[in-house]
Amino acid sequence: MPPVRPMGGIGMWIYGLLFLLIIGWSWFGSGEAPVKTNWNDVEKMIAAGDVESIEIVNKEQANVRLKTEAVEKYTAQQQYRSIPKRGTQFIFNIGDVATFRQDLDRVEEQSGQSVLLTYETKRNIWMDVLSFLPFLLLMIFFIVMMRSASKGGAGGQGGVFNVGKARAQMFDQDNQDKVTFKDVAGLEEAKVEIMEIVDFLRNPQKYRELGGKIPKGALLVGPPGTGKTLLAKAVAGEANVPFLSMSGSDFVEMFVGVGASRVRDLFRQAKEKAPCIVFIDEIDAVGRARSKNVGFSSNDERENTLNQLLTEMDGFGTNSGVIILAATNRADILDKALMRAGRFDRQIEVGLPDIKEREEIFEVHLRKLKLDPGLDRSFLAKQTPGFSGADIANVCNEAALIAARRNKKAVDREDFLSAIDRIVGGLERRNMIITPEEKRLIAFHEAGHATVSWLLEHANPLIKVTIIPRGRALGAAWYLPEERQVTTREQLMDELAATLGGRAAEQLVFHTLGSGALNDLEVATKRAYSMVAYLGMSDKVGNMSYYDSSGQSEMSLGKPYSEETAELIDKEVKRLMDESFATATRVLTEHREGFTRLAEMLLEKEVVFSEDLEQIFGKRIKDLKKEAEDREYGNHENVRPDSGSEPAGEAEEQATAGAADAAQGVRSGAEAER
């Protein structure tokens, strides 16, 4: 039997219609209504002896009742045909009662007739109800608001009376949709740290026997989309203890004191369920560093919430059995008191995945897709450097959508490459109106990027270059940057030159400068400033860094260096930009023929890949060096120099010399063609 649904709003409509029907019945009645008349007509009726009685109601209205034999006489007349046959036939207003009594006595004396006169006081209950109706509706509205405000009792989620209650989501072993560590690919170091907390909750005696104490809190720090919240969900799925989850913004409310009240209520719930894990996502919403100047950039309500959180985590009271997990991507702005040992004992770095971890993440997200059997997972991992876990999930979803749009039976390699291009560069805009002159300028601009990046040793390797508009860009060159932890000055300078290669190509070929290099100039300028002001890669500025990793410089009104230093930094940045532009111009001039061939190929095909560049310019210098190293090591029976068979310095010198000779041969061949 299906459940009976409550009437809800339909019942209210029914009650309203009934109320209107009752009012209509009282106003209009169901029978014949008396006819309104005046005193002159009634005076004639009294003189004719037709009136039996007159009833004065509320000293205002006179109800006239005719004699039985007189009713038929009046109903025969056209104007009185609708009068009732019984009861009151006529009504009229009398004005003053004393005056009406004098007039009635005069008529009775003149006509010799006698009329029964009575007085009646009546109350119209429906008019009283209507007059009381606004107050009644106001009372009903107030009662409904009070019930909705107190709905849910002590643990309710809404209402004025529950505004200070913590709105934490509860997860336990009975939760159906569990996320386990099997669903979290990569993050091996972070999982080891987290697993220790989970293992303590499962087997606390093993640690207590040795006198060990589990950390009270762990802070997950990393860029957006790297899996901090997912890791916390996995902890909720793995630990056989209650798991309370809240967001930092849940503590923020328009009412004063609500944030601190919710913190107290959250820890009260956690203590009742101990051992328990409390997870606060985006803790920087309430954990931002407190201002030292009370009258400037301070928020008393947020700071009170933070003070209460600090007290609950490690204050005078004890929170035995309550472990705090928190996640943020802005650890630099958190309050120092929140970061100290005893509150967050561990700071777990959840960084961007490397190539191996990206392959594992692809394996997780590819489980639900219908894939081409020949798809190489390692190839996808190589094509997505710098992608976070969320980006990889988006790539897999976009690839499936693209394959469905193309009416394919399975998702293949081409769909994934299109998805990566779509995410990185935006949607293709083939219908954009571009003149032939603009298209030629764009082709030479992108060919300049591709040529300089291909021929400079330390620039990022090129994958493909296109002149198809995509997103806000009129053309794009796609690179595959190396995954390195340390970047040298030579690498940064070559990348600067490759970034300015499009601008140099415009000036070299068309002897003019266009506005299409705006993004290139922005990227190059920021990189040059970081080299000078942050990385200490300028001889004149020296080994100085004005980078503030604590994030406190955001609230500073001045710069951490003098005006003379600022002028020197500007000059050094200008010098680096000029050197890089000159390098790009020199490379394009030396390889003008190959550069022109590449631009013409772009105009013809619109998309050119690295294989085409290799046919035009030959192999890259770095590839030639690597081949020379492989040949050198192969001559020594594949023994690496660090095994002791040969001094490392000699092997590196020989390999470098061989690669330099090979590279010189490529340049000579290109110059001969030119």
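The model is predicted, so local features need pLDDT of at least 70 and side-chain atom pairs count only at pLDDT 80 or more, while totals for chains, interfaces and linings use all residues. Residues are numbered from 1 along each chain as its sequence is written, and side-chain values use heavy atoms, with hydrogens and water left out. Helices (H or I, at least four residues) and strands (E, at least two) are DSSP runs, numbered from the N terminus.

Let us begin with a sheet. Three strands make an open sheet with antiparallel pairing, in the order E13-E12-E14. Two strands pair if DSSP finds at least two bridges between them. Strands E13 (476-479) and E14 (607-609) stand at the edges with a single partner strand each, so one side of each has no neighbour in the sheet. On average, neighbouring strands here are turned by 15° against each other, direction ignored. Axes are lines fitted to C-alpha atoms, for helices over the stretch in contact, and angles run from 0 to 180 degrees between N-to-C directions.

Which strand is joined to E14 by three bridges? It is E12 (residues 462-466), and the two run antiparallel. Within this pairing, Val-465 has Val-608 in E14 as its bridge partner.

Now for the helices around the sheet. Helix H17 (residues 436-455) packs on the sheet and touches E12 and E13, with its direction at about 165° to that of E12. Contact means heavy atoms within 4.5 Å. Of the 20 residues of H17, 14 are buried, so this helix is largely enclosed by the rest of the structure. Buried means under 20% relative accessible area (1.4 Å probe, protein chains only). Helix H22 (residues 592-605) lies across E12 and E14, at about 125° to E14.

Elsewhere, we can look at a pair of helices. The axes of H2 (residues 39-47) and H4 (residues 97-111) come within 9 Å and cross at roughly 30°. Residues of H2 that meet H4 include Trp-39 and Ile-46, and among their counterparts in H4 are Phe-100 and Leu-104. The residues of this contact divide into six nonpolar, one polar and three charged. Ala, Val, Leu, Ile, Met, Phe, Trp, Tyr, Cys and Pro count as nonpolar, Asp, Glu, Lys and Arg as charged, and the others, Gly among them, as polar.

Our last stop is strand E8 (residues 243-247), where four of the five residues are buried. Five bridges join E8 to strand E9 (residues 276-281), and the two run parallel. Here Ser-245 stands opposite Phe-279 in E9.

Methods: Buried < 20%, exposed > 50% of the residue type's maximum accessible area, 1.4 Å probe, protein only.
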